[in-house]
Amino acid sequence: MRLKNKLVVITGAASGIGRAGVELFAREGATVVGVDLNSEHLHKVIEGAKTSNAPIFAISADLTRRDQTKNMIHEAAHLMGGIDILWNNAGMPGPAEVEGLDVDKYDQAIELNLTAGILATGEVIPYMRKRGRGSIVFTSSISGITGSLLSPTYAAAKFGIVGFTMSMALRHARDNIRVNAICPGMTQTGLTDTFMSRANDPELIKQNTIKFTEATPLGRIARPEEIAHAALWLASDDASFVTGIAMPVDGGVAAKP
């Protein structure tokens with residue numbers, strides 16, 4: 001087990017990549033705290049993931065509210081007796097258009113996609129220092145290293161995550177705290193459907209999914225479990241000499257000219 005006796009917090013844990021992460025990290029021996037706004041779905045995930053001897057906890061929190069973002073770190077540390085790994089995974093698409101931008105929706109998306117991870121990281125650093133080491137993983141996006149036709153404001157937040165990841169890796173290397181980001185391509189989640197059509201048009205979702213699949217060198221979109229395995233590697237001691245990277249998990253999209 002690659003995470004035996006590790007104490008882990010995963011945000012955005014009720015569905016998609018976060019759900020896959022809770023299930024995988026628990027199988028790998030970690031004590032896990034899953035965090036999400038959707039309390040009902042979160043508790044179903046937690047119950048379904050209880051397949052190991054390590055305990056799993058749920059914290060319901062709205063990470064667009066800064067007090068709740070900070071408090072969930074302290075609550076998780078109290079539940080587990082510390083924190084070794086933080087996976088800042090929660091996110092949302094946000095507005096598609098820049099012309100006539102809905103500023104309220106933009107602010108909400110920036111708060112969840114960028115600010116929440118920054119705040120959570122600031123709160124978790126002292127706990128990791130106490131334990132003598134730590135690993136922080138961010139879910140950025142392929143849109144954080146190549147740009148996005150579908151959502152420029154989303155790309156702005158995800159580029160911000162990559163810059164923050166690299167900066168924090170430098171800042172806390174002497175604390176033996178590693179900081180890395182994964183950059184998923186299109187993945188089989190509800191979030192992807194929203195990207196494909198903000199109007200939830202089934203035909204447009206289908207058409208755009210076909211376009212992105214054909215544009216991916218491996219010829220398909222990712223499964224959530226594949227993204228979770230990449231995060232597991234970065235979080236684990238298998239990547240003990242890896243810090244400050246933004247790792248594409250995108251079927252080869254970032255390699256294209």
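Please keep in mind that the model is predicted, so local features need pLDDT of at least 70 and side-chain atom pairs count only at pLDDT 80 or more, while totals for chains, interfaces and linings use all residues. Residues are numbered from 1 along each chain as its sequence is written, and side-chain values use heavy atoms, with hydrogens and water left out.

Let us begin with the sheet. Seen across its strands, the order is S3-S2-S1-S4-S5-S6-S7, an open sheet of 7 strands with parallel pairing. Helices (H or I, at least four residues) and strands (E, at least two) are DSSP runs numbered from the N terminus, and two strands pair if DSSP finds at least two bridges between them. At the edges you will find strand S3 (56-60) and strand S7 (246-249), each pairing on one side only. From one strand to the next, the twist averages 20°; angles run from 0 to 180 degrees between N-to-C directions, and axes are lines fitted to C-alpha atoms, for helices over the stretch in contact. Between S5 and strand S6 (residues 177-184), which run parallel, there are 6 bridges. Phenylalanine 138 stands opposite alanine 181 in S6. Helix H8 (residues 224-235) packs on the sheet, where it touches S4, S5, S6 and S7, and its direction makes about 165° with that of S6. Contact here means heavy atoms within 4.5 Å.

Rings of Phe, Tyr and Trp (its six-membered ring) pair if their centres lie within 6.5 Å; planes under 30 degrees apart count as stacked, over 60 as edge-to-face and the rest as tilted. Phenylalanine 25 and tryptophan 87 are stacked because their ring centres are 5.6 Å apart and their planes lie at 25°. Phenylalanine 25 belongs to helix H1 (residues 16-27) and tryptophan 87 to strand S4 (residues 85-88), so this pair ties together parts that are 62 residues apart in sequence. Phenylalanine 25 is buried at a relative accessible area of 1%, and tryptophan 87 is buried at 1% relative accessibility. Buried means under 20% relative accessible area, exposed over 50%, and partly exposed in between (1.4 Å probe, protein chains only).

Phenylalanine 138 and phenylalanine 164 form an edge-to-face pair, with 5.8 Å centre to centre and 90° between the planes. Phenylalanine 138 is buried at 2%, and phenylalanine 164 is buried at 18%.

Next, look at two helices. The axes of helix H3 (residues 66-80) and helix H4 (residues 103-131) come within 9 Å and cross at roughly 35°. On the H3 side, the contact includes Met72, Ile73 and Ala77, and on the H4 side Leu119, Val124 and Tyr127 are among the residues involved.

Most residues other than glycine have a negative phi. Asparagine 5, however, has a positive phi of about 70°; asparagine 5 sits in the segment before strand S1 (7-11) and is exposed at 59% relative accessibility. Asparagine 176 likewise has a positive phi, of about 60°; asparagine 176 is in the loop between H5 and S6 and is partly exposed at 41%.
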